Amino acid sequence: MKPLNSSTTDARQSREWPLMPAPEFIQGPIHSPAIGLLELSVEVVMAKELLAFCPPEASLYTGRMAFSGETTVEGLSAVANNVTSAAALLPDAKWMHAIVYGCTSGTIVLGQERVAELIHRARPNVPVVTPIGAVLKALQTLGLAKIAVVTPYVAEINRLVSRTLGEAGIEVVNARTFGQRDADDMFRTPSEVFFEAALAADSPDAEGIFISCTGICVSPIIKELERRTGKPVVTSNQAIAWQCREFAGTPETVTDLGVLFRQRLVD
């Protein structure tokens, strides 16, 4: 083997590498929908779950917000200090269809308007999608006024969920919860457990089922749950993906998870 500093090696290294012809760049969006996602620092489920509801052409541009993992009013309120800085670090992709705040309970605690204001300080020209905002649009578009609800949350968060739905004219007729305070417990709860909770929460007067939280995996159960109950099922990540897809004009596909994707978003 010749030494690296041989004259032959030096000659080769001194040559200019041949240039290829200039490429024709992709015009328009590189991804569709292109979603800026602000995740909690402890989050390990949401990105994969959100993409389960999107076509292969979709992509997530992610940022992280420091969070203690305590899913309480106090813990969720503290995240407000990190929203604007996380949004500022998202790529400056002109084709980004929306920026998503990645926490249902956090949006409810902070309020949709405050979340949007914090994000728009850094990214004023990009639409903001919040989980509870997308869920309310989904429930209203489906015409659901009475629903069964499943959450992983503690009591103080459940009360806020119920109040937020009620203020939008949606009645919670029955519910089940797991009383989980730690976000890690939510990540580790199997989808089959949420399936059983949804069946337990369902009742004859419920027109549909809402499973709340972006930090849980429930995409695998939606089709079977709708088949078993004969009712629409809405989840936090599903509603987010639906609203972002509507912004991007993404067509319905045969692989879509839930009857929600047959509906068009009307503001």
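Residues are numbered from 1 along each chain as its sequence is written. In this predicted model, local features need pLDDT of at least 70 and side-chain atom pairs count only at pLDDT 80 or more, while totals for chains, interfaces and linings use all residues.

Let's start with the domains. The protein divides into domain 1 (34-130) and domain 2 (133-238), with bounds from an automatic or database domain assignment. Their C-alpha centres are 20 Å apart. In domain 1, 25 residues are in contact with 28 residues of domain 2, where contact means heavy atoms within 4.5 Å. Together the domains bury about 2000 Å², 62% of it on carbon and sulfur atoms; buried area is the accessible area (1.4 Å probe) that two parts lose on being put together, summed over both.

Now to the helices, which are DSSP runs (H or I, at least four residues) numbered from the N terminus. Axes are lines fitted to C-alpha atoms over the stretch in contact, and angles run from 0 to 180 degrees between N-to-C directions.

| Helix pair | Axes come within | Crossing angle |
|---|---|---|
| α10 (residues 191-201) and α11 (residues 222-229) | 11 Å | roughly 25° |
| α7 (residues 131-141) and α12 (residues 236-248) | 8 Å | roughly 80° |

α10 and α11 are therefore roughly parallel (angles under 35 degrees), whereas α7 and α12 are roughly perpendicular (65 to 115 degrees). Phe 195, Ala 198 and Leu 199 in α10 meet Glu 224, Leu 225, Arg 228 and Thr 229 in α11. In α7, the residues meeting α12 include Val 135 and Lys 137, and their partners in α12 include Ile 240 and Trp 242.

Notes:
Heavy atoms only, no water. Helix = DSSP H or I, 4+ residues; strand = E, 2+ residues; numbered from the N terminus. Parallel < 35°, antiparallel > 145°, perpendicular 65-115°, else oblique.
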